[in-house]
Amino acid sequence: MKLIFFACSLLLFIAGACQTPRPSVCLKGNILLSSFQDYKLYLQDHGEDMLIQPDSIEGKFMLEIACDSAHIAILTGIFGSDENKWYFIQPLFLTPGKEISMQLQTGERGMKVTFASKDNNNNALKAYQDYYLTHSKELWINTPSPSQAKEFLMGFIQKARELTDKLRPAPEVARYLATFGYLEYLKGIGHCNYIYRQQNEQERLQGLEETVAPPDQMLDDPIALLFKNDIPNIIIDYLKKEVIDPEGQLELLRQKFTQPQIVRLITENIIQHYLVSYPYTRDFEEGLARLKKMCTFLPEKGEEFIHQFQSKRYCIEGADLPAVTLEDPDGKQYKLSDFKGKPLYIDLWASWCVPCCKEIPHLQKLERQVANKQLEFISISIDENKKDWKARMQQLHMEGRQYIVVGNELANMLNISSIPHFLIYNKAGKLIQYEAPRPSAGKPLQEMLEKLK
């Protein structure tokens, strides 16, 4: 019996000794609050958000992070509450077996971050983040003239090179800085041209994209996924210069890019753009057939995309009333199809939409003037906040058939990207006019509505 016990203990000891602990990184530090007591800190790593909870007395924190290989994670913070809220972002370089020591201090001008002096990787990331915040703010507040823009925008790229040469960070950090600077340079060109158009300036920044490497050389890298909100527009604009149609863009994407995650992300964005921009009222079946072919590039999401497209049948002339639920101010629910049997003039609006609110007095006047007793005027709010909806109705003295949509499918089903939007249905519940005139159109609209039966 003793022999059996000894053998089992030995096996357990050997098994335990053979289990190699997973490499990790220890993130520790403290946070000093000078003006905000309400805050949350997260570390975003490989798609996971890890909450960092400093102690309430000294603000110290420590987080053990599983780390199999050197890579960059993102430290994010939300400080303040309600209207007095601001966000903080700081990339962090994680190395297996290493410790990151940092201090965070809030102030009137944002967050001050301090790393250990010998931590060249995180000091390089911090220095560039600081530069980006200052330089991009200057770009927005004092947009450079066309003659000065190139030199200003090149600052994003040159700063990344300068920090790489000075601090000699790890290759992953160097690539991150280069990608960050590259994207800000290209985004800056778009921003400047937008401002020039707003100011009615004739000159534009042309050809500056050609002064740097093309996106397939700079963004075909897993590091670029850390900028997944920025890279789709940059890459798709690049593909559009060679191919206009989305099918051709998907083919060209696979010729120029090799990273599977990059290809998947851009594929999804190309198809999403197609869903938003396709003119559904023209040739619905042809558009659906094209989409089905494109979905072969992303079969795992094909069913979802096809469902989105098919739901747009509601914006085609002759389409039935959408199958959505409405709620009146008293909380009673209806189906939009409940109003079948009478011609309908429908106003889609929201309490926060200034043009919508400007149409309300015209709509109220129109209701009083139209003598067609069969016609129903229906206002449907797409507000998410019922209190805001009710407050605006009271302010504008809105009466009659007032509803708020339950859920968020209506605007998508009708492919509506801007409001106010007006629709006309006949008494059979079939769509007559997808983009009906606004109430402010006056007499012509009134005459049209009088004839509806």
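Leaving aside its neighbours within four places in sequence, which residues is E376 in contact with? This report starts there, then turns to other parts of the structure. The model is predicted.

## E376 and its partners

Setting aside neighbours within four places in sequence, E376 is in contact with K342, P343, L344, Y345 and R401. E376 is found in strand β12. Its relative accessible area is 15%, so E376 is buried, the cut-off being under 20%.

Two polar contacts involve the side chain of E376. One is with the side chain of K342, at 3.5 Å. Another, of 3.1 Å, joins E376 to the side chain of R401.

## The cavity

Rolling a probe the size of a water molecule over the atoms shows where empty space is left. Over the whole structure, the search finds 1 cavity of 30 Å³ or more. About 30 Å³ of space lies in the largest cavity. Its lining is made of L363, E367, F377, I378, S379, E399, G400, R401 and Q402. Two or more of these residues come from each of α11 (354-369), β12 (376-381) and β13 (401-406).

Strand β12 gives the most to this lining, with 3 residues. By class, the lining of the largest cavity divides into 3 nonpolar, 3 polar and 3 charged residues.

## The largest pocket

The largest pocket holds about 1,600 Å³ of space. It is lined by 47 residues, and the closest to its centre are Q44, I74, I89, Y176 and L226. At least two lining residues come from each of β2 (39-45), β5 (71-81), β6 (84-94), β8, α2 (120-141), α4 and α8. Helix α2 gives the most, with 9 residues. The lining has 20 nonpolar, 11 polar and 16 charged residues.

## F115 in strand β8

F115 sits in strand β8 (residues 110-115). Its relative accessibility is 6%, so F115 counts as buried. Beyond its neighbours within four places in sequence, F115 is in contact with Q90, L92, I100, S101, M102, N122, N123 and K126.

F115 and G248 are 133 residues apart along the chain. Their C-alpha atoms are separated by 47 Å.

Helix α6 (residues 231-240) has 7 of its 10 residues buried, so it is largely enclosed by the rest of the structure. The buried residues of α6 are I231, P232, I234, I235, I236, Y238 and L239. They pack against α4 (171-198), α5 (215-218), α7 and α8.

In helix α9 (residues 284-294), the buried residues are F284, G287, L288, L291 and M294. They cover an arc of only 120 degrees around the axis, which puts them on the same side of α9. What covers these buried residues includes α7 (246-256), α8 (260-277) and α10 (299-311). At the start of α9, a side-chain oxygen of D283 reaches to within 3.1 Å of the backbone nitrogen of E286.

## Backbone exceptions

Most residues other than glycine have a negative phi, and most peptide bonds are trans. Some residues here depart from that pattern. H46 has a positive phi, near 55 degrees, and is a residue other than glycine. H46 is found in the loop between β2 and β3 (48-52). At 69% relative accessibility, H46 counts as exposed. H397 also has a positive phi, of about 55 degrees, although it is not a glycine. H397 lies in the loop between α12 (386-395) and β13. Its relative accessible area is 62%, so H397 is exposed.

A cis peptide bond joins I419 and P420, with omega at about 5 degrees. P420 is found in the loop between α13 (410-413) and β14 (421-425).

## S337 in a loop

S337 is found in the loop between β10 (333-335) and β11 (344-349). S337 is partly exposed, with a relative accessible area of 40%. S337 and I404 are 67 residues apart along the chain, and their C-alpha atoms are separated by 15 Å.

How values were computed:
Residues are numbered from 1 along each chain as its sequence is written. This is a predicted model: local features need pLDDT of at least 70, side-chain atom pairs count only at pLDDT 80 or more; totals for chains, interfaces and linings use all residues. Side-chain values use heavy atoms; hydrogens and water are left out. On a 1 Å grid over the protein atoms alone, a cavity is a set of points where a 1.4 Å probe fits but cannot get out, and a pocket is an open set with protein on both sides within 12 Å along at least five of seven lines; lining residues have an atom within 4 Å of a point. Grid points are joined across faces, edges and corners, and a volume is the space filled by probe spheres set on the points. Helices (H or I, at least four residues) and strands (E, at least two) are DSSP runs, numbered from the N terminus. Ala, Val, Leu, Ile, Met, Phe, Trp, Tyr, Cys and Pro count as nonpolar, Asp, Glu, Lys and Arg as charged, and the others, Gly among them, as polar. Buried means under 20% relative accessible area, exposed over 50%, partly exposed in between (1.4 Å probe, protein chains only). The arc is that of the directions from the helix axis to the C-beta atoms. Contact means heavy atoms within 4.5 Å. A polar contact is a pair of N or O atoms within 3.5 Å; within protein, one must be able to donate a hydrogen and the other to accept it, and residues adjacent in sequence count only if both atoms are side-chain atoms.
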